[in-house]
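Hi there,

Here is the structure I promised to pass on. Have a look at it first, and my notes on what turned up follow below.

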Amino acid sequence: MLPPLAWRAGFALGAADHVLEQLGAPWFLEDIGDSEEENWIGQLRRGLDTYARICWCLRFGYTLAGVALARWFLERWTHNVAFSHEIGRFEGEGDVSYMNRVWGQYPESMGSEDVGRYWSDLSELLHGRSVRLRTGDVRITLNLETAKRAELHDMILRAAEVPLRQVRGCISVLADEHKIATDARAYLQAPVELFPKAPDPPDFLSVFSPPLDFDYVTSQDAKQLTPWGKTYRTMIHRGEESSLALTGFHSWMSIEERWVRSTDEARLFFALEAERTGDAFDPDVLRGLLAQYRAITEMAELVAEDFSGSRRGEALQTAAAAMESAWALWLQDVDDSLIAMRSVLESTARARVHRLKPVNADGLEARGSRVTPHRWLVAAGWGRLAPFSRALGEFSHLQERSRHDESRELLTVIQRSALSGLEVYTGRARALEEVSRMLAHEVAATLDEIDPHLSAEFRTRVLLETTEETETRLVSWLNRALEYRSHSFGQANYPIPVPDSVLTPDEAAQVSDDLNLSSAPSPFVHPD
């Protein structure tokens, strides 16, 4: 599942860790300080961590999660390049054009690489559409054939390697600013393809690594992996004052440490949640939710088979893949899960339109990428969800125009069931419950056509409610969202100062810009 490129990139992560150790960068989130420089160093560490998280998603089959993370990673470090070089977006300029113009600041390192194409392909996949690769058209499904999945995973990693270059470059510049003499510069600036072929990773990295649920992270199996992470950090620390000597261990231990550390941090987060919620903390509730999410995911994939080869079937397949990735990312306690939730919502609405209004659905399908998720919601009769959909959409991107603060506020106040005083901590959880219920509603309605008896069993055993109760719950949720139709999403959180914004695209093309990497931090800290 994980292409060899990932292990080559592990060498790059090892070299970057060597320099970050000399800069005094902490490994764990709780140890990051409050100053601007400490936050910036923490962002650089998180940048390396994000690449390893993408590798985890791909290695263990959460392809849509890998796509979601890769696009977020690309957008976040595109923002850094744009912020550092004061590159604003021209009026009416599309994302693909803007991406290529921003990364065009580095012609020597980028060569003919089409970053805009990477971004476009990743976006198409999140919307449930196919992209053209060497093996033909590829679209994400849970049962994607091996050859196509391998090629798709390779494309995802190549897209993620672009922002990884910027992270490594920023680490190199920060080392210069601190006058740290290091022989790691060549490794920080070298393309991943120039690193030696990595040795095969140890066998234990080839076994299944479960999502970070309570039972796994508190298990003895998970705790036995903790020393592996400590071993790598100790190895990096002991080599802090010596010349960098990359070995085969760096290629896989730099990635494996991050998988282990995410488990250690998840264990800590569960402890903090238990402390916050007191007697209300109940792992059995989480076990029940995950069982329900798995059942909804698998049934969505199964009913899609009855519509194989149709757009309706494709929508259900995408919804199933997105649902699986949504709960897997949610367990990591990160905002990235909201990207997958948006894909669940859009694909569910798309399937509903095909079921209820096939002629309208065909018309929307003909518009291809010009159709927004909101158009599918309106056609499905779910236009009342506009504020909720908007919040998920805002979190699906990290750009100069993104509005995350007020979107988080919307997800906090719109909740229908949350412990008093803890709403700020449960917005993602309630959002996942709502989109999963909407998908389950569509699955049950589809089963009514295929096998009414099975549909009744699904409602009784998975949703734990009758058809009437399901309909009542859905209407209640739509009306709840409608109450926030006037919610203000405020100003963009990450604006880019652009002194030359008055230039036309033709005039700007004549401007000779500084092509050196800048380590200037973007004006935000991602709560990764």
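For the helix pairs below, axes are lines fitted to C-alpha atoms over the stretch in contact, and angles run from 0 to 180 degrees between N-to-C directions. Please keep in mind that this is a predicted model.

Let me begin with α19 (residues 427-450) and α20 (residues 452-463). On the α19 side, the contact is made by Arg 437, Ala 440, Val 443, Ala 444, Ala 445, Leu 447, Asp 448 and Ile 450, which meet Pro 452, Leu 454, Ser 455, Phe 458, Arg 459 and Leu 463 of α20. By type, the residues of this contact are 10 nonpolar, one polar and three charged.

The pairing of α1 (residues 4-22) with α10 (residues 220-238) has an angle of about 60°, and the axes are 9 Å apart. These two helices are therefore oblique to each other, and the crossing of α1 and α10 is right-handed. Here Leu 13, Gly 14, Asp 17, His 18 and Glu 21 from α1 meet Tyr 232, Ile 236 and His 237 from α10. That contact divides into three nonpolar, three polar and two charged residues.

Two other helices are worth a look for burial. Helix α13 (residues 311-330) is mostly covered, with 18 of its 20 residues buried. From first C-alpha to last, α13 reaches 28 Å, close to the 28 Å expected at 1.5 Å a residue. In α18 (residues 404-413), the buried residues are His 404, Ser 407, Leu 410, Leu 411 and Thr 412.

Finally, a couple of backbone details. Most residues other than glycine have a negative phi. Glu 86 is not a glycine, yet its phi is positive, at about 55°. Glu 86 sits in the loop between α3 (63-85) and α4 (95-103), and is partly exposed, with a relative accessible area of 35%. Lys 179, again not a glycine, also has a positive phi of about 55°. You will find Lys 179 in the loop between α7 (146-177) and α8 (185-189), where it counts as exposed at 74% relative accessibility.

Conventions: Residues are numbered from 1 along each chain as its sequence is written. This is a predicted model: local features need pLDDT of at least 70, side-chain atom pairs count only at pLDDT 80 or more; totals for chains, interfaces and linings use all residues. Side-chain values use heavy atoms; hydrogens and water are left out. Contact means heavy atoms within 4.5 Å. Helices (H or I, at least four residues) and strands (E, at least two) are DSSP runs, numbered from the N terminus. Ala, Val, Leu, Ile, Met, Phe, Trp, Tyr, Cys and Pro count as nonpolar, Asp, Glu, Lys and Arg as charged, and the others, Gly among them, as polar. The expected span of a helix is 1.5 Å times one less than its number of residues. Buried means under 20% relative accessible area, exposed over 50%, partly exposed in between (1.4 Å probe, protein chains only). Angles under 35 degrees count as roughly parallel, over 145 as roughly antiparallel, 65 to 115 as roughly perpendicular and the rest as oblique. A crossing is left-handed if the near helix is turned anticlockwise from the far one by less than a right angle, and right-handed if clockwise.
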